[in-house]
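Hi,

Here is the model I said I'd pass on.

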Amino acid sequence: MIGSNSYGSVNVILPLLEYLENAGFDLKTILDRAGVPHAALEDTTTRIPKERFQALWQIASEVTGDPAIALRVSTMVKTNTLGIVGYLASASESRRNAFELVKGLTPLLWEDVECDLESDGDVAFIRCSTDRDPQTSRFTTEYAIGLTVTMSRVFGAGRSHPLEARFSHSAPAYADEYERILRLPVRFEAGEDGVLFPISMMDTLNLSADAALRQLLQRYAAEQLAKISTSAPFSQRVRACIRSMLPVGGLTATTVAAQFRVSERTLRRRLREEATSYQEVLNEVRVELARHYLTKEKRGIVEIALILGFSDQSAFTKAFRRWIGQTPADFARGNSS
């Protein structure tokens, strides 16, 4: 859920600040105008309120005279700029695996952005949902989609490229810049924001994959997710933590509580205060992911059971029937496109 009082990591704006500095602009003046303390740049764990991010993009666009600055800067982002999220993606088996791992970790970078992956035949689509405030969302949307394109070209092996970038808004006066900057076809008024890929690109193996490093980074990322300053409800933070830890395995209320540096009893109490429970949150995550994997990515039932932390296919099938009233196979058949 995208909140009106959300926060983001200072890592998100570092490429913009580097771009402005290299262009000869006075960073201190720009940061002061946006209400971003210069000292915040010395600590990459710093969290900045959404409105200050938005002000910074607007001011940067004004001083440079470049309305496409968010797109332009997105193409300059490096893996290490994204911190733990970038390193984790780099260690992943494929672009698809990278997306699965970092999807639940997007609050570490932005609470304003949510992403989903859909597969259909020989194409895949990564949808980027942002805060829809019409006066402030354009920079965030363009930056998010630009990052999706840029990172897809950085991670993994192979020579394939994204097929198309889609934007829900109308073509702006600088529409020609989109294709020139992103180096791929662009469609406006598409009804959605995101990037279309050949399915082969999503599943090409990453030659620099490192399973051991990936597990270490996942645990570290879950710890960081539990610590960040955020306006999100505790149950929402637990949900994101569960989602990020599921692929690692060994997930229990005790291990999740440890990420928040509280006891299991405190975890359960705080969830009760929000009218939910650990098991309810865990089931919500599993149901959401199961539906997605069955209908959008057409994954096998055995594979889904393992991803969601079930001991075997039978245990997953029993749980799914309890949640949905159907077996996973019947649900997939009834919702096939």
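Aromatic pairs first: the count comes to 13, taking rings of Phe, Tyr and Trp (its six-membered ring) as paired if their centres lie within 6.5 Å, and calling planes under 30 degrees apart stacked, over 60 edge-to-face and the rest tilted. One of them is Trp-57 with Tyr-143, where the ring centres are 4.9 Å apart and the planes stand at 55°, so this pair is tilted. Trp-57 belongs to helix H3 (residues 50-64) and Tyr-143 to helix H7 (residues 137-154), so the pair ties together parts that are 86 residues apart in sequence. Helices (H or I, at least four residues) and strands (E, at least two) are DSSP runs here, numbered from the N terminus. Trp-57 is buried, at 3% relative accessible area, and Tyr-143 is buried too, at 1%. For that label I use under 20% relative accessible area as buried, over 50% as exposed and anything in between as partly exposed (1.4 Å probe, protein chains only).

Before going on, two housekeeping points. This is a predicted model, so local features need pLDDT of at least 70 and side-chain atom pairs count only at pLDDT 80 or more, while totals for chains, interfaces and linings use all residues. Residues are numbered from 1 along each chain as its sequence is written, and side-chain values use heavy atoms, with hydrogens and water left out.

Back to the rings. Phe-234 and Phe-260 make an edge-to-face pair, 5.1 Å centre to centre with 65° between the planes. This pair also links distant parts of the chain: Phe-234 is in helix H11 (residues 234-245), and Phe-260 is in the loop between helix H12 (253-259) and helix H13 (264-273), 26 residues apart. Phe-234 is buried at 4% relative accessible area, as is Phe-260 at 11%. There is a cluster as well, in which ring pairs link Phe-310, Phe-316, Phe-320, Trp-323 and Phe-331.

Arg-286 has its charged end over the ring of Phe-310, 4.1 Å from the centre. Arg-138 lies over the face of Phe-139, at 4.5 Å from the ring centre.

On to charges. I find 19 salt bridges, meaning a side-chain nitrogen of Lys or Arg within 4 Å of a carboxyl oxygen of Asp or Glu. Some are local. Lys-28 pairs with Asp-32, with the closest N and O atoms 3.0 Å apart; these two are four residues apart in helix H2 (residues 27-34), so about one helical turn separates them. Both ends are partly exposed, Lys-28 at 48% and Asp-32 at 45%. Asp-330 and Arg-333 meet at 2.3 Å, N to O, and being three residues apart in helix H17 (residues 328-334), they are also separated by about one helical turn. Here Asp-330 is partly exposed at 34%, whereas Arg-333 counts as exposed at 58%.

Arg-127 and Glu-192 form a bridge with the closest N and O atoms 2.9 Å apart. This one links distant parts of the chain, with Arg-127 in strand S4 (residues 123-130) and Glu-192 in the loop between strand S6 (186-187) and strand S7 (194-198), 65 residues apart. Arg-127 is partly exposed at 21%, while Glu-192 is buried at 18%. Both belong to a network of salt bridges with shared partners, made up of Glu-118, Arg-127, Glu-164, Arg-166, Arg-187 and Glu-192.

Leu-308 touches Leu-246, Arg-286, Leu-289, Ala-290, Tyr-293 and Phe-316, leaving aside residues up to four places away in sequence; contact here is heavy atoms within 4.5 Å.

Cheers

Methods:
Lys NZ or Arg CZ within 6 Å of the ring centre and 35° of its normal.
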